[in-house]
Amino acid sequence: MRALALPLVALAEARGFLFPFVPVFLGIGIGIWFVPSAEPGWPAYALALAGALLGLLGRWTAPELLHPPIVALACIAAGFLAAGLRAAVLAAPILGFHYYGAIEGRVLSIDRSQTDALRLTLDRLVLERTPPERTPERVRVTVHGLQPFEPKPGMVVMMTGHLDAPLPPAEPGGFDFRRMAFFDRLGAVGYTRTPVVMLEPAASGDSLVNRLRVAVRIGVQDRFPGEAGAFSAAVLTGDYAGISAATMEDLRLSGLAHILAISGLNMSLLAGFVFGLVRHGLALVPPLALRLPTKKIAACVAFLATGFYLLMSGGNVPTLRAFVMIAVMLAAILADRRALSMRSFALAASVILLWQPEALLEAGFQMSFAATAGLIWGFNALRERVHPRTMSRFVAPVFLLFVSSVIGGVTTGPYAAAHFNRIATYGLMGNLIAVPMMELLVMPAAGVAALLAPFGASFPALWAMELGARWILWVAHWVAALPGSVGAVASPGPWVLPILTLGGLWLMLWRGRARHAGLVGMAGAFLLWAQADRPPLLVSSDGALVGLLGPEGRALSSARGGGFAARSWLENDGDLADQPAAAARPGFDGPRGARRFSMAGIEGVALKGKGAADRMPEACATAQLVILAARHEGPVPPGCQLIDQSVLARTGALAIWPEAEGLRMVPARADRRLWSGRP
C-alpha cells in the first residue's frame, strides 16, 4: 500500500506546478472521443458527465492526497464532453449523392487551390431538385476558366457545376478530409467550368470583414504588382489568393511557410511593436509617464491591435490560437504576473481545446503549441546557464535568433514530418536569413501601415513591407532550389505522435529526475516510427488506380488519373516521385486496361476501361485477385477474389496484405461517425 501511495504523495508535493497538465488531460479526453469508429452512445456521455461531476465534487470533499487524480479525471471527462458537444452543434447535412446542376449561394470566402484555381466557399445555398433538409450549409467550388468578373465576399452568385461529398481517406489511417470538412461545416466540394454569374451585389452590412480583407489585398497588389505585393497583402490580411502555387511550395520547401501564416510569429511581432511604440511614446511625455500606468496602457492598445489583426486575418484556427496566447500574455501584464510562462501556455491551450476540440488533431495546433512549449522550456533552462545580458548587444540578438530557430525546428519538425511527409533540410538556414527581415522591417512596417491607412498615408510603410517581402521570397526561392532541399519521411503509425507528445510534455512539465522518463517515451515513439509498416498493395476508392510496393518504391498502375490517391500514397510512403515516375517503375505489365502484377506469389489483374466487366471471367482464370473499376453482375468464379466498385462503395480505398490464410483487407471507410455520412 505504501508503494501505491508514493505516486499520490509525489503529485501532492508537486501541486504548485500541476496546472500545465490540465490541457494534457483535456487532450486525452478529446482523443478518446475521436478514437472509436462509431459515434459514442448515450452511456459513454453519461459516464463522462458522471466523471466530470464526481471530479468537481471530489475536489472539495475528497482527501487532499486524491485531488490531483480527481482533477485529471474531471479534465478527461470535460475534454470528451467538449468534443461531443462541438460535433453536435456543428452537425449539418452532408451531400449524399453526386450533384450536377445550378448552384446558387452567397460568397463567404475566396482562396486558391493547389493548382492556382480560384475557389469559392458558399453558404445560403440553393440546389436544384434538392430539398432544404438535404442541402449542405456550405460548399466549396473550384472555378476553372476565365470569369467575366471578380467574385467578392457577400455577393450572391450562380453557376452550373458538380458537387460531391468530401473525399474519404485515400488509404486506411490516412488524412480524413471528411472530418476537417465537417468541423468547417462543408457539406460538399466540387467544381465548375462555366462562367460564374452575379445575381446580387454584396449587401451593405454583409461580410464586412471579408470584404475589407479583399479590398486591402487588391489595393496592395494594385500598388505593388507581383509576388512581393501578394506576400505583403497576405501578411496583412491572411488572404493568400494572390500568391502562386509555385511560391507557396518554395516557402514550404525552405521552411519559411510559417512566416506567411498569420500565427504566433506575426501576432507576437505586431503586439511587441505596438506595445513598445505606445510605451516609449508615453515615456516621452513626462507628465503622463509619471502619472499613468504606461505599461498596462501599452498592453491594452496592443490587445486592441492584435484583435483587429485577428479580424483582418479571417479568424482561422492558427490565428485564433496565436491571439489567445497573446491575450493571455497581455492579461498577465495587466495582472502584474509573468507574461510568458508554462501557466499562460496551459491556459491558452485549455481555452482552445474547450472551444475548438477538433484543433487537437490539426497540424497547426500541434506545431504552434509544440514550438511555444519548447521555447518557454528551452529559454528557462538556458537562462540558468547562459543569459543574453552577459553578451554584447551585437552578439545577443544573433544568439537568441539561432537558439529560437533551433528549438522551433526541433520541436515542430516531427509534427511537420508526420503530417506533410517532408523535411525542409535547410530550414534552419532559411530562417536565420529571412526571419530578421520579418522582425526588423516587414512587421513594424505593417503596424505603421495600419496606423497610417485611415489618413491615406500608408504608401511609405507598404513600400518598406514590399522590400522586405522581396528579400524573404528571394531567400525562399534560393533555399528551395538548393540540391537536397527537401527530404521525405514515411507516415508514422497512429500511436507515434500521441506517445511522442506525452513524452515531450512530461519532460518539459514535470520537475525532478523523474522527468527524464519522457525521453524514454520519445525514444519509443521514434522506434515505432522507424518500424512503420506500409501496405504492400493499395487500391483507390474507384478501383481505377492500384499501387504495389516494390524494391524501388511504390509502382502505380497508371500514369494518369486518381491524382489525389497517387499523391497521398507516395507522400505517405516517404517517396518524392511523382505519379508518372512511379508508374514507370517495374511491378505492372500488360495493356492499360488490364495491368497484371504479382504480390508474394499471388497473381493479380487490375481491369478498367470500356468492357472491363466483360473481361473479368478471363482474368479470373489466370489470377487469384482481380480489381475491377466497374460493377460486376453475376457469380464470381471459384478461387478468384474480386474487388469491384460495388465492394469499394462500401469499403472505400483498400490496403491489402498477403497472409498465410489469404489476403487481409483493411478498408478506409470503416467508420460510422458524423463526418462519414453514415453515423
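**View 1. Strands β13 and β14 run parallel and are joined by four bridges.** In this predicted model, β13 comprises residues 602–607 and β14 residues 625–628; helices (H or I, at least four residues) and strands (E, at least two) are DSSP runs, numbered from the N terminus. Val-605 has Val-626 of β14 as its bridge partner. Both strands belong to an open, mixed sheet of four strands, ordered β12-β13-β14-β15, where two strands count as paired if DSSP finds at least two bridges between them. Its edges are β12 (594–599) and β15 (641–643), each of which pairs on one side only. Residues are numbered from 1 along each chain as its sequence is written. Local features need pLDDT of at least 70 and side-chain atom pairs count only at pLDDT 80 or more, whereas totals for chains, interfaces and linings use all residues; side-chain values use heavy atoms, with hydrogens and water left out.

**View 2. Val-546 lies in strand β10 (residues 546–550).** Val-546 is buried, with a relative accessible area of 0% (buried means under 20% relative accessible area, exposed over 50%, partly exposed in between; 1.4 Å probe, protein chains only). Beyond residues up to four places away in sequence, Val-546 touches several others, including Trp-569, Phe-588, Ala-606 and Ile-627; contact means heavy atoms within 4.5 Å. Ala-566 is 20 residues from Val-546 in sequence, and their C-alpha atoms are 8.8 Å apart.

**View 3. Helix α6 (residues 208–223) has buried residues along one face and spans 22 Å from its first C-alpha to its last.** This span of the 16-residue helix is close to the 22 Å expected at 1.5 Å a residue, the expected span being 1.5 Å times one less than the number of residues. Asn-210, Arg-213, Val-214, Arg-217, Val-220 and Gln-221 are its buried residues. Seen down the axis of α6, they fall within an arc of 135 degrees, so they line one face of the helix; the arc is that of the directions from the helix axis to the C-beta atoms. Leu-208 and Asp-222, on the other side of α6, are exposed. The buried residues pack against β1 (99–112), α7, α12 and α18.

**View 4. The largest nonpolar core contains 53 residues.** Such a core is a set of buried Ala, Val, Leu, Ile, Met, Phe, Trp, Tyr and Cys residues joined through side-chain atoms within 4.5 Å. Among the residues with the most contacts inside it are Phe-231, Ile-259 and Met-438. Helix α18 (459–480) is one of those supplying at least two residues, and α18 gives the most, with ten. Another core, of 40 residues, lies apart from it and includes Phe-21, Trp-33, Phe-182 and Ala-359.
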